[in-house]
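Biologist: I'm new to this one. Please show me the model and walk me through it.

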Amino acid sequence: MIHVLGMNFIPSHRHLQDCSETHAVRIQAAARAVADRAGERADALDRDGGFPAEDITHAHRAGLLAAPLPVALGGAGLDAPAMAPVLADVLAQIGRGSLALGRLYEGHVNALSLVLRYAEPAVIERLAGDVRAGHLFGVWNTQPQAGGLSLEKAGGLSPEEAGGPSLAIPDGPAPAGDAWMLAGVKSFASGAGSVTRPLVTARRPDGRQQMLIADLETGTRADLSGWQAQGMRASTSGLLDFTGLPAGPGCFVGGPDDYFAEPHFSAGAWRFAAVQLGGIEAVFDVLRAHLRATGRGGDPHQAARLGEAAIAVEGARLFVAQAARLAADPGAEPDRVIAYVNLTRLAVERAGLDVLERAHRSVGLAGFLSPHPLERLARDLATYLRQPGPDRALTSAAAYVLGDARPADRLWRDSAGAPGPDEGPADL
């Protein structure tokens, strides 16, 4: 129900749809503008420590940082299931302009999605204020085998000195008077030193993992010396030491091991595949522009490579679109969603590798030399295509396919009114 000038009315379905479409058009236009500007700056940021600060500021002013929040909290509802196709387009658009910026923005979206799904209302309200103020969020869960992040009692400190009142850890309240602090590091933290509200997983005293949002100051606690990367240099991934930071009562997100709850843990991978899709499209556009500029597009071998690249791009786009729809469908079978998203990860990776190969063959040695636009784009894409556990993702999806009784035409899409896998043909 909406209150207008003291009168209450229930909005019609059409009214809500019009509002959603208005937000979608605005956010998609903002993403294109941010992507275009980011693309213009990307070469200058292709260096160690070249964080895209201006692009993040531009994204904030354009409403993209707040966009995942519900409209009631100052956002555009981009995290809502109905907006999944729009989110897929936004992520691809930003990835097309800059994969480094796309990686950072996808982490921001991922963090807010987890907050909105698992956090208490008061925590959501506080963090929404931080988003509107321009704080960049991220998700940092990778850590070295020794020295990973944990929650520890703040020995010898009063709760006030440790940063707040005594803390009740979900499913395990702390003894009265105890306070808690963080100890340890996270590695491969994209945006280290610039992400000021990372969502991290920390080991609880009982061994389970707790999500929380840490409050960081820009330029502190980060060690970027190990990020000597071939591509994605501007993502400034590095080591972040949290030791000594207080874990106040308003920082927890969900309960123990919620971060790993399926299908959301695996299904969310479609978002980074959408960003990768944008990077693939950027390489494809450079290939096509090169053939036009050199007048070599009429050569049958060049034309064949361009055609094959076009097939790969469109295949990746179709996979991402379907994965976004499935992952956003609350009625979808969890195992089915996970399997399809895993296939999407591998399909997009294969498409990216195919487009890179054809672009390099068509452009030749010039594509490996700066300042040809393919040189940086190819390095960034090849680096970002490396994701954890690709073999496991493929084989687990294959196991699902093997065990499902539905025929190929209904493996991923249900036909309305069609008989189930154990039913006979419909009566004629």
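Predicted model: local features only at pLDDT ≥ 70, side-chain atom pairs only at ≥ 80, totals over all residues.

**A buried leucine and its helices**

Biologist: Where does Leu91 sit, and is it buried or exposed?

Modeller: Leu91 is part of helix H3. Its relative accessibility is 1%, which means it counts as buried (under 20% relative accessible area, with exposed over 50% and partly exposed in between; 1.4 Å probe, protein chains only). Leu91 and Arg103 are 12 residues apart in sequence, and their C-alpha atoms are 9.0 Å apart in space.

Biologist: What are helices and strands called here?

Modeller: They are DSSP runs numbered from the N terminus: helices are H or I with at least four residues, strands are E with at least two. The protein has 11 helices and 13 strands.

Biologist: How do H3 and H4 cross?

Modeller: The axes of H3 (residues 84-97) and H4 come within 6 Å, crossing at roughly 150 degrees. Axes are lines fitted to C-alpha atoms, for helices over the stretch in contact, and angles run from 0 to 180 degrees between N-to-C directions. H3 and H4 are therefore roughly antiparallel to each other (over 145 degrees; under 35 is roughly parallel, 65 to 115 roughly perpendicular, the rest oblique).

Biologist: Which residues meet there?

Modeller: From H3 there are Leu87, Val90, Leu91, Ile94, Gly95 and Gly97, and from H4 there are Leu99, Leu101, Gly102, Tyr105, Glu106 and Val109. By class, that contact has eight nonpolar, three polar and one charged residues. Ala, Val, Leu, Ile, Met, Phe, Trp, Tyr, Cys and Pro count as nonpolar, Asp, Glu, Lys and Arg as charged, and the others, Gly among them, as polar.

Biologist: And how do H4 and H5 pack?

Modeller: H4 (residues 99-118) packs on H5 (residues 121-132) at an angle of about 160 degrees, with axes 10 Å apart. That makes H4 roughly antiparallel to H5. The contact is made by His108, Leu112, Val115 and Leu116 of H4 together with Ile124, Leu127 and Val131 of H5. Six of the residues in this contact are nonpolar, one is polar and none is charged.

Biologist: Changing topic, which strands make up the open sheet?

Modeller: The open sheet has three strands in the order E8-E12-E11, with antiparallel pairing. Its edge strands are E8 (185-189) and E11 (222-223), each pairing on one side only. Two strands pair if DSSP finds at least two bridges between them.

Biologist: How many bridges join E8 and E12, and how many join E11 and E12?

Modeller: E8 and E12 pair over three bridges, while E11 and E12 (residues 238-241) pair over two.

Biologist: What about E3, which way do its residues point?

Modeller: In E3 (residues 137-140), Phe137 and Val139 point one way and Gly138 and Trp140 the other way, and all are buried. Four bridges join E3 to E9 (residues 197-203), and the two strands run parallel. Val139 has Leu199 in E9 as its bridge partner.

Biologist: Back to single residues. Is Arg41 buried or exposed?

Modeller: Arg41 is at 15% relative accessibility, so it counts as buried. Arg41 lies in helix H1 (residues 13-41). Leaving aside neighbours within four places in sequence, Arg41 is in contact with Glu54, Asp55 and His58.

Biologist: And where is Ser362 found?

Modeller: Ser362 is in helix H9 (residues 334-363). At 1% relative accessibility, Ser362 counts as buried. Beyond its neighbours within four places in sequence, Ser362 is in contact with Leu287, His290, Leu291, Arg296, Gln302 and Arg305. Ser362 and Gln302 are 60 residues apart in sequence, yet 6.2 Å apart in space, C-alpha to C-alpha.

Biologist: Last one, how much of the protein is buried?

Modeller: Buried residues make up 50% of the 428 residues. Of the contacts with a separation of 6 or more, 75% are between residues 24 or more positions apart.

Definitions and conventions:
Residues numbered from 1 in each chain as written. Heavy atoms only, no water. Contact = heavy atoms within 4.5 Å.
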